[in-house]
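Here's a quick briefing to read alongside the structure. Have the model open and follow the points as they come.

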Amino acid sequence: VDYTRITPALLATGKAAREKDGVAVTVCVGGWGRGKTFAKAVATEANRTRFVDDLAAFCETHDLDGADIDWEFPKGEKEHADFALFLAALSKKLRAADRQLTVALGYTRPLPADCWQHIDRVHLMSYQPWTPQEYEPWLAGSIQRSLRLWPSTL
């Protein structure tokens with residue numbers, strides 16, 4: 001994982017926010033345009049293990065509360081299955097160190113049913129609609145669609 005954009009100043013800001021306001025500070029991995037890289041990083045057991053160990057070590061070194069995964073978006077059965085294996089392994093490693101695993105998802109994002117037990121929190125991605133309309137009603141609809149698709153245990 002390339003951590004070069006996570007500067008000491010940024011880490012200090014996160015630490016100060018945790019101390020002052022009690023917020024959880026996590027490292028977010030992924031984002032738009034990194035799908036192919038993610039697919040390779042979780043495609044084999046060896047790659048998943050290296051990825052999980054690297055993330056867990058980064059969290060430990062910098063006293064972070066966990067990791068947020070933003071894979072936009074797995075394609076096909078193999079990538080979804082690899083993602084599920086990755087989430088299970090990462091969750092196990094993070095929870096053993098009393099850290100959390102969160103994921104960034106949009107309402108269109110299906111996850112295999114067995115993934116949900118490994119996720120501590122979902123950060124709902126909600127982008128402006130592609131067609132002209134008021135944002136607040138669109139957002140409310142996105143939330144309602146998400147609640148129908150995702151387990152009520154989150």
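**Surface and core at a glance**

L147 sits in helix α5, which covers residues 135-149. Keep in mind that this is a predicted model.

**On the surface**

- L147 counts as exposed because its relative accessible area is 56%, and the cut-off for that label is over 50%.
- Together with L124 and I143, L147 makes up a nonpolar surface patch.

**The largest nonpolar core**

- This core has 31 residues, and the members touching the most others are V27, F38, L55, I69, F86, L87 and L90.
- Two or more core residues come from each of these elements: strands β1 (26-31), β2 (66-71) and β3 (100-105), plus helices α2 (35-41), α3 (45-61) and α4 (76-96).

- L55 belongs to helix α3, and it counts as buried because its relative accessibility is 0%.
- Setting aside neighbours within four places in sequence, L55 contacts Y3, V27, V29, I69, F86 and L90.
- L55 and L94 lie 39 residues apart along the sequence, yet their C-alpha atoms are 8.9 Å apart in space.
- I69 has its own list of partners, again leaving out residues up to four places away: V29, F38, L55, F83, F86, L90, L101, T102, V103 and A104.

Notes: Residues are numbered from 1 along each chain as its sequence is written. This is a predicted model: local features need pLDDT of at least 70, side-chain atom pairs count only at pLDDT 80 or more; totals for chains, interfaces and linings use all residues. Side-chain values use heavy atoms; hydrogens and water are left out. A nonpolar core is a set of buried Ala, Val, Leu, Ile, Met, Phe, Trp, Tyr and Cys residues joined through side-chain atoms within 4.5 Å. Buried means under 20% relative accessible area, exposed over 50%, partly exposed in between (1.4 Å probe, protein chains only). Helices (H or I, at least four residues) and strands (E, at least two) are DSSP runs, numbered from the N terminus. Contact means heavy atoms within 4.5 Å. Patches are made of residues with over 30% relative accessible area and no salt bridge: like charges are joined within 9 Å, nonpolar side chains (Val, Leu, Ile, Met, Phe, Trp, Tyr) within 5 Å. Accessible areas come from the Shrake-Rupley method with a 1.4 Å probe; for residues, only the protein chains shown count as cover. A salt bridge is a side-chain nitrogen of Lys or Arg within 4 Å of a carboxyl oxygen of Asp or Glu.
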